[in-house]
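This report looks at the charged and aromatic side-chain contacts of one model, beginning with the salt bridges and ending with the rings.

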Amino acid sequence: KSSKVKAMIGLGVQKELNPHIYWRLNGAYGQLSGEKDKYESGGDANLKFSNKFTEINTSLKFNLAPEKKISPYLYAGVGLINFRSKLSNSQSGKLISSYGYKGNTASSATHEVEVPLGLGFDWNINQAFSMNLDGSMRIVKSDKLDACVSDNNDKLLQDMFGAITVGFAYKFGYRDCDKDGVVNRKDKCPDTPYGIAVDENGCPFDSDHDGIPDFEDK
C-alpha cells in the first residue's frame, strides 16, 4: 500500500497556562490519498482512495524547555474530523465504495472522533514571534478514512494518518517597540533609545540614583 503526500493548511490559537503548559485549539483542511496494487495474498488489488477532510481539535501542549531558543514540546488531545472518502479501481476508475457521497455526488460529510498525538520544536525568534516544526499522528475512531472497511471495525486503531507541518506563531501582548528586551506591557520606559542597557522595568540604569540615566549623566 502506498500513500501520497498531500497539502494541509491550518490555523490555531493557544493560551499559556504556565511556562510549561499551553492549551491549544486548532483547525485544519487537507487531503489524503493512496493506492494498493497487491493484496497480502499476492493477488491484484488495483485500489486507490481519496479523502478530503476538515478537522478541529483541542490539546494540551507540554513545553519542555520554554527558556531556550529552540524548545521541544509534546502534545495530546481530542477532536472531530469531517471527511468524504472514495475507493475506486485504479485501472478502470469504477467506484467501489464511498462515504460522504451518493455515488460521485457529495452529500453529508462523515463525522468521527480523532486523537492527535505529536511532538515538535519551537524556534523562538524573539519574545513575540516563533517558528515551529511539528510532526503528529491522528488516530481516528473509524475505518472509513480510506473508504475500505474491514470486518473488525470495532477497534480504535483501524485508521490513522500522519502530518508534518511548518508554522509561525505570534504572541499577543509581547511587542517590544523600543527593542530593549522588555515587552511593552511591562516596560515603564517605552521610549528608551536603541542599544541602551535597561533594568527589569525597561528603564535605563541610573547608577548614582540622581534621576538622570547613566547614558545622559555627565
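A salt bridge is taken here as a side-chain nitrogen of Lys or Arg within 4 Å of a carboxyl oxygen of Asp or Glu. In this predicted model, the count by that rule comes to three salt bridges, which are set out below.

| Salt bridge | N to O distance |
|---|---|
| Lys-38 and Asp-44 | 2.6 Å |
| Arg-138 and Glu-55 | 2.6 Å |
| Asp-122 and Lys-61 | 2.7 Å |

The bridge between Asp-122 and Lys-61 ties together parts that are 61 residues apart in sequence, because Asp-122 lies in strand E9 (residues 110–124) and Lys-61 in strand E4. Asp-122 counts as buried at 8% relative accessibility, and Lys-61 counts as buried at 3%. The charged end of Lys-61 also sits over the ring of Tyr-22, 5.2 Å from its centre.

Arg-138 and Glu-55 form a salt bridge that links distant parts of the chain, with Arg-138 in strand E10 and Glu-55 in strand E4 (residues 44–63), 83 residues apart. Arg-138 is buried, at 9% relative accessibility, as is Glu-55, at 6%. Lys-38, which bridges to Asp-44, is partly exposed, with a relative accessible area of 47%.

Turning to the rings, a search of the whole structure finds four aromatic pairs. In one of them, the rings of Phe-129 and Tyr-170 have centres 5.0 Å apart and planes at 55°, so the pair is tilted. Phe-129 is partly exposed at 42% relative accessible area, and Tyr-170 is partly exposed at 32%. Ring pairs link Phe-129, Tyr-170 and Phe-172 into a cluster.

Conventions:
Residues are numbered from 1 along each chain as its sequence is written. This is a predicted model: local features need pLDDT of at least 70, side-chain atom pairs count only at pLDDT 80 or more; totals for chains, interfaces and linings use all residues. Side-chain values use heavy atoms; hydrogens and water are left out. Rings of Phe, Tyr and Trp (its six-membered ring) pair if their centres lie within 6.5 Å; planes under 30 degrees apart count as stacked, over 60 as edge-to-face and the rest as tilted. Buried means under 20% relative accessible area, exposed over 50%, partly exposed in between (1.4 Å probe, protein chains only). A charge sits over a ring if NZ of Lys or CZ of Arg is within 6 Å of the ring centre and within 35 degrees of the ring normal. Helices (H or I, at least four residues) and strands (E, at least two) are DSSP runs, numbered from the N terminus.
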